Amino acid sequence: MDDKSSSHHRLLVVLLMVLIFGVIMIQYVCPSRTECQMLHQLGSWLHMAGAAGSLNGGDIQEKRDPYIAEDGALVRFIPRFNFTKADLNRAVDFNIKGDDVIVFLHIQKTGGTTFGRHLVRNIQLERPCECHAGQKKCTCYRPGKKETWLFSRFSTGWSCGLHADWTELTRCVPSRMDSQEVPKTMQSRNYYYITILRDPVSRYLSEWRHVQRGATWKASLHVCDGRSPTSSELPSCYLGDDWSGCSLQEFTDCPYNLANNRQTRMLADLSLVGCYNVSAMSVDERWAVLLESAKRNLRGMAFFGLTEYQRKTQYLFERTFSLAFIAPFTQLNGTRASGVDVPAETQRRIRQLNRWDVELYEYARDLFLQRFQFARQRERRQARERRHQERRRLRGKLTRLTTKQGRQQKTTQAPPVIENHLLVTQSQEKVEEDESVEFDGLLPDWWEMDESGTMEDYMDNVEQWK
């Protein structure tokens, strides 16, 4: 009987080793998911089954970090730029009951429509925005007032023009808000500007597909220094009502296409380069000035997110404004742009056409991930401090209880040493039991965290990259 059982075990071990070897060979022979799809699907099933078995067996206890699991960016992330602590610490004192206003700068094809809907439909508020079916705008009033706290497409509409840029919004929003709502105090309002950026190539392809379907954004004003550009300053890429049906070649060939480096232009102060008068300086000099302006404005914004990092975008917004979303953001990678099969040579050309946007996005991504790391490590330090405070309080309470029992025992006949030790032990157990009941509901996430893995201050970590 024992021989049969032993042979069965050996057979199972051999089969398991063959199975593992097969999965490894699948990954080696077919490294791409586009090839050997059935084999890769089989491999993923086996991986899931193995993980489930490990969980059922209690081998895997550690929960995965949802923010790292989103994209794995932090595992590979090495800071390239040096930012100050003020650049990284973006918590603001947003007073929704006062006169503060959040201003959303919506850049085309960055996922701004989805984020804009989150702002009006998905935030936990004392007075939620009122959104009705069939209406394009929601009413986002402050608690107890008929005044708006949000300046965006879905709250105030395109009040400063269709997809107004930094140059337009910073000149238009204060006067527009003051004309509609007089501030209750002599102090000027606090305007907190926010935006969303996207990978330049993906954004460019998405805009081309949108234009191909008939979008024009003709209603955009492009106001700079008090006026809109002339037709000679901003020529059109097409004749007729729209550019529907245009090929990608036609889209990239137009030298006046505003899709080129759109994110840099929309975040910069255009008055620094003579607005749309391109004769004021050379092309490279003009774009170098715009890029530095866009970087400076981006650093100074209260918040910006990245389309490619939805969960981290949600996390940083919530920490910046002390607001919470009702439902978590979802990372959707299946856009129309992602379905476009673009040759490598064409992609290189698109990157070259958008080289200023590429540089801006790399800068923004670095700042974004450093802000995320800074915020997360600050939360961990605060959790450790709270844990230490609670433990000190528990020890103090236990000490006081033991001292009190000692005094009581002096007034009565002293019990044997063994019984005295038993009383103290029972008292200690009672205190720990009472405190565990009190705090289990408050500190379930971090009470059992390992104390040995303390992190250094994030600013110290950044120093090594200088």
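Biologist: Is Asn122 buried or exposed?

Modeller: This is a predicted model, so treat every value as computed. Buried means under 20% relative accessible area. Asn122 has 9% relative accessibility, so Asn122 counts as buried.

Biologist: Where is the place of Asn122, and what does its side chain reach?

Modeller: Asn122 sits in the loop between α6 and β2. Its side chain reaches the backbone nitrogen of Ala327 at 2.8 Å. Beyond its neighbours within four places in sequence, Asn122 is in contact with residues including Ala324, Phe325, Ile326 and Phe329.

Biologist: Which residues of helix α6 are buried?

Modeller: In α6, residues 112-121, the buried ones are Gly112, Phe115, Gly116, His118, Leu119 and Val120. Their cover includes strands β1, β2, β3 and β4, and also α12.

Biologist: Now the strands. Which residues point one way from β1, and which the other way?

Modeller: In a regular strand the side chains alternate between the two faces of the sheet. In β1, Val101, Val103 and Leu105 point one way. Ile102 and Phe104 point the other way. Five of the five residues of β1 are buried.

Biologist: In which sense do β1 and β3 pair?

Modeller: Parallel, over five bridges. Phe104 stands opposite Ile194 in β3. β1 also pairs with β2 in the parallel sense, over two bridges. There, Val103 stands opposite Phe151. The chain crosses from β1 through α6 to β2, and this β-α-β crossover is right-handed.

Biologist: How many salt bridges does a search of the whole structure find?

Modeller: Side chains of opposite charge can pair when their charged atoms come close. The search finds 16 salt bridges. One of them joins Glu126 and Lys97 at 3.3 Å, N to O. That pair links distant parts of the chain, 29 residues apart. Glu126 is in the loop between α6 and β2, and Lys97 in the loop between α5 and β1. Glu126 counts as exposed at 62% relative accessibility. Lys97 counts as partly exposed at 45%.

Biologist: Are Arg262 and Glu207 buried or exposed?

Modeller: Both are buried. Their side chains meet in a salt bridge at 2.7 Å, N to O. Arg262 lies in helix α10 and Glu207 in helix α8, so the pair ties together parts that are 55 residues apart in sequence.

Biologist: Where do Glu292 and Lys295 lie?

Modeller: Both lie in helix α11, three residues apart, about one turn of the helix. Glu292 counts as partly exposed at 43% relative accessibility. Lys295 counts as buried at 8%. Elsewhere, salt bridges that share partners join Arg203, Glu207 and Arg262 into one network.

Technical notes
Residues numbered from 1 in each chain as written. Predicted model: local features only at pLDDT ≥ 70, side-chain atom pairs only at ≥ 80, totals over all residues. Heavy atoms only, no water. Buried < 20%, exposed > 50% of the residue type's maximum accessible area, 1.4 Å probe, protein only. Helix = DSSP H or I, 4+ residues; strand = E, 2+ residues; numbered from the N terminus. Contact = heavy atoms within 4.5 Å. Polar contact = N/O pair within 3.5 Å; in protein donor to acceptor, adjacent residues only side chain to side chain. Pairing = 2+ DSSP bridges. Right-handed = clockwise from strand over helix to strand, strands pointing away. Salt bridge = Lys/Arg side-chain N within 4 Å of Asp/Glu carboxyl O.
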